[in-house]
Amino acid sequence: MGSYSLLTLAIMVGFMYLNTFATEVLVIPAGTLAVALGVAKFLDFCFSLFAGAIIEKVKIGKTGKNQSWLYLGRWILAVSIMAEVCNTSSAPMVVRVAVLAVSYTVLNCLMNILQTAYYGVLAAVAGPNMSNRNAMTVNMTRQSTVITIICSFIPTLVTVLPFGNWNYFIVAFVFMIPMPFALGAIAKCADGKDVPVGATASVNQVSIGDMFGTLLKNPQMLVLFLVFTILYIAQFTYQANYTYYFIYVVGDFTKLTFVTLINAIVGFLAAMVMPKLGAKLGKKMSCVFGFLLMSIALILVSFFGAPNGVPNLTAYIILMSLMMAGTYTWMPYMVVLYLDAGEYFLYKTGKDTRAIAAGLASPPMKIGMTVGNTLGLALLSAIGFVSGGAFEINTAWISNFMRVTFMLPGLIYLASAIILLVFYKISDKDAAKYAQANAEKMQQSK
């Protein structure tokens, strides 16, 4: 189950460095890129709303409803990953923008279904046992830290490999290779446990319209949806622009490898330690604590990462390591928080929206990607950035860059921590009670 982290490896070149690839290799203006990806991300978000319902209603294979999507989708995903960073720099601008936007849309729309299907397989394999669910997501998070270490070399690889503008494509292809086999292995784990479409007719089924109603009817799900939407807006506002810190503030993109490698090692250690802390704090407080660490780290980076326009990599490394520790404090518990909210609603109302609960874990990321990436690129353009480096880099520009790239996301992280702390009410003890009671009801209905 933990090998789902290999999907992260497969998509990481485009996920983390698409803006850099688009502005530095394809030379697409930041404003144009913001509009193109904004439209693509909006379509992606609209599709994400129906991911859970599509899995419940659409039959595409003879295996379980979640398994079938993993088996089929992995190959379409592989093609989309390659198209997203294909070198079209010699083509007209409209072609460059179209290829990037279309491949991005297909990739991310499909990811909505694959991620939801993975959550469904996870729930089927783990059953109602909360310890099993937590263990699977913690192990996946720990494995992802190893993936992060591997991915830290991307900035150097895409700079020093001898294939020129095809470097991104080559790296993405190599990183993609294990992914289809990992998703196939995950799907096989659910043999005999993941039921086919239509096999649970005796259980209350969820219509597509319930996708929208679930948020309004389930107040705890609404809180999670709002919190993680805000969180992802902060994350993608930061991720939209942080690579330019190394390209234009530090002046050496390859140094991002060294910094990312150190942060990845810290993340690996944090993933070993922080879930133990989370087990004592509980899922909710683990997330609140993690959000606060990330907020503090980014706000401090905005002050000390380039004081008076002079880059300070030591301060940057220390503070971003703090951010990694915060990330791996909350990350293992995001999925199970959504599952808890789904169990809560079934226990309270008798209506099974657990597939919708898993599906609703994706839209906040999609909204965050749409708003955060667009906001980040728009602010970058507003402070005078020009693709290809044709602008003056002075103290004033660097100061503005540090504010929009680090301080603003840090403040948004702080808002997400406060909302979760005040409004989310499901304790770990309550969640275990709900899951056990629901499992007993389902057993009696067979």
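**Notebook: cavities, a pocket and a nonpolar patch**

I looked up the second largest cavity to begin with, and its space comes to about 190 Å³. Of the 18 residues lining this cavity, Gly14, Phe15, Leu18, Lys41 and Tyr104 are the closest to its centre. H1, helix H2 (30–48), H5, H11 and H18 each give two or more residues to that lining, and H1 gives the most, with seven residues.

I note that this is a predicted model, in which local features need pLDDT of at least 70 and side-chain atom pairs count only at pLDDT 80 or more, while totals for chains, interfaces and linings use all residues. Residues are numbered from 1 along each chain as its sequence is written, and side-chain values use heavy atoms, with hydrogens and water left out.

For my own record, a cavity is a set of points on a 1 Å grid over the protein atoms alone where a 1.4 Å probe fits but cannot get out, a pocket is an open set with protein on both sides within 12 Å along at least five of seven lines, and lining residues have an atom within 4 Å of a point. Helices are DSSP runs (H or I, at least four residues), numbered from the N terminus.

I then searched the whole structure, which gave two cavities of 30 Å³ or more. The largest cavity holds about 1,200 Å³ of space and is lined by 46 residues, with Thr8, Met12, Phe15, Gln235 and Met331 nearest its centre. H1 again gives the most to a lining, here with eight residues.

Two or more residues each come from helix H1 (5–25), helix H7 (154–160) and helix H8 (167–176), and H1 has the largest share, three residues.

Last, I looked at a nonpolar surface patch of about 870 Å², whose members include Leu277, Met285, Phe289, Leu411, Val422 and Phe423. Helix H13 (255–281), helix H14 (283–304) and helix H19 (395–423) each give two or more residues to the patch, and H19 supplies the largest share, six residues. Such a patch is made of residues with over 30% relative accessible area and no salt bridge, its nonpolar side chains (Val, Leu, Ile, Met, Phe, Trp, Tyr) being joined within 5 Å and like charges within 9 Å; a salt bridge is a side-chain nitrogen of Lys or Arg within 4 Å of a carboxyl oxygen of Asp or Glu. I checked Val422, which sits in helix H19, and it counts as partly exposed because its relative accessibility is 40%, the class between buried (under 20%) and exposed (over 50%), with a 1.4 Å probe and protein chains only.

Technical notes: Accessible areas come from the Shrake-Rupley method with a 1.4 Å probe; for residues, only the protein chains shown count as cover. Grid points are joined across faces, edges and corners, and a volume is the space filled by probe spheres set on the points.
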